[in-house]
Amino acid sequence: MGMGIFRYDALRYKLGYSIQSRKIMNWHRVIACGISEIFALCRKSSESRNGFRILLYHAVGTPIKEDFRNLFSISPELFETHMAELSQYKETSIIGLTDTLNTKQKHGVAVTFDDGYRDNLTIAAPILERYQVPFTVFISTAYIRRSRTHPYLSEAEVRMLSEKPNVTIGSHGVSHAPLTECSQEKLRDELESSKHYLEDLTGKEIVSISYPHGRVNQRVIDAAANVGYKIGASSIFNINHSSQNCLMLCRTCILESDSVRIFRQKLHGDWDWCHWRQYLSMQQ
């Protein structure tokens with residue numbers, strides 16, 4: 001896959017669409033489920049794809065105003081079911097995102113959250129602790145300042161979350177702006193200011209970033225490396241192999257509509273064909 005601009009399909013949902021567009025997206029979902037069922041049937045006797053899979057969640061139980069289809073806020077009950085399934089999954093191990101920096105650990109599943117919703121602390125963390133699942137929360141630092149009026153983590157809550165065992169805090173930029181569209185000066189500020197702010201707040205080095213809207217290109221990767229990031233998470237749907245650039249890691253997006261059956265399929269790799277759909281959409 002060439003290193004162009006990566007546009008995450010789900011961004012379309014966040015922007016809001018007409019009723020007709022919703023119907024089209026519903027059909028897209030039906031078709032995607034059908035294709036994945038075919039992959040699952042063909043790969044029924046195969047083991048899970050080998051590599052490092054990173055699950056991408058957003059909110060757990062908190063309605064997201066711009067998410068009119070409620071795709072990115074998973075119910076606490078379904079989230080717990082996912083974690084119970086993950087904890088019993090025999091074909092791979094559960095690891096932390098930063099474990100990928102250890103060259104000896106290139107296989108497993110990691111759990112991540114984008115945006116920094118308060119429910120990551122109040123709802124998700126107790127569930128993850130119960131199943132002993134390490135996780136990473138990527139935070140847009142400007143959202144922290146909006147925590148009095150919006151469902152985002154406050155400074156005290158970020159600090160509280162960072163002090164928990166098996167929790168890693170990462171950057172999601174300052175303003176959640178698409179980094180590929182930023183000037184060089186703005187890009188450096190988004191990367192550097194968010195990193196320093198979170199380091200001052202938590203007292204820990206911030207080495208990972210999730211690119212807002214999943215949009216990243218080689219310029220953004222180079223800038224992130226220069227600022228000191230060692231891990232970069234995109235929204236490209238795929239598993240990561242040992243040769244993967246740590247600043248260009250793929251993730252597996254998990255949605256509210258993902259039943260346990262679909263969750264198992266995604267862990268197994270039956271939905272990894274979606275990265276080809278993303279690639280083709282970028283060519284249009």
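Keep in mind that the model is predicted. Side chains of opposite charge can pair when their charged atoms come close. In this model, the count of salt bridges comes to 13.

**Arg264 and Glu85: helix to helix**

- Arg264 and Glu85 join their side chains in a salt bridge, with 2.8 Å from N to O.
- Arg264 belongs to helix H9 (residues 260–268) and Glu85 to helix H3 (residues 76–88), so this pair ties together parts of the chain that sit 179 residues apart in sequence.
- On the Arg264 side, the relative accessible area is 41%, which makes the residue partly exposed.
- Glu85 has a relative accessibility of 19%, and it counts as buried because the cut-off is under 20%.

**Asp114 and Arg251: strand to strand**

- Asp114 pairs up with Arg251 in another salt bridge, and their closest N and O atoms are 3.0 Å apart.
- Asp114 is found in strand E4 (residues 108–115) and Arg251 in strand E9 (residues 249–253), so here the tie is between parts 137 residues apart in sequence.

**Lys164 and Glu129: loop to helix**

- A salt bridge also connects Lys164 with Glu129, where the closest N and O atoms lie 3.1 Å apart.
- Lys164 sits in the loop between helix H6 (155–162) and strand E6 (167–171), while Glu129 is in helix H4 (residues 119–130); the pair links distant parts of the chain, 35 residues apart.
- Lys164 is partly exposed, at 23% relative accessibility.
- Glu129 is partly exposed too, at 39% relative accessibility.

**Where H3 meets H4**

- The crossing of H3 past H4 is right-handed.
- From H3, the residues in contact are Pro76, Phe79, Glu80 and Met83, and they meet Ile123, Ala124, Ile127, Leu128 and Arg130 from H4.
- Sorted by type, the residues of this H3 and H4 contact come out as seven nonpolar, two charged and no polar.

Definitions and conventions. Residues are numbered from 1 along each chain as its sequence is written. This is a predicted model: local features need pLDDT of at least 70, side-chain atom pairs count only at pLDDT 80 or more; totals for chains, interfaces and linings use all residues. Side-chain values use heavy atoms; hydrogens and water are left out. A salt bridge is a side-chain nitrogen of Lys or Arg within 4 Å of a carboxyl oxygen of Asp or Glu. Helices (H or I, at least four residues) and strands (E, at least two) are DSSP runs, numbered from the N terminus. Buried means under 20% relative accessible area, exposed over 50%, partly exposed in between (1.4 Å probe, protein chains only). A crossing is left-handed if the near helix is turned anticlockwise from the far one by less than a right angle, and right-handed if clockwise. Contact means heavy atoms within 4.5 Å. Ala, Val, Leu, Ile, Met, Phe, Trp, Tyr, Cys and Pro count as nonpolar, Asp, Glu, Lys and Arg as charged, and the others, Gly among them, as polar.
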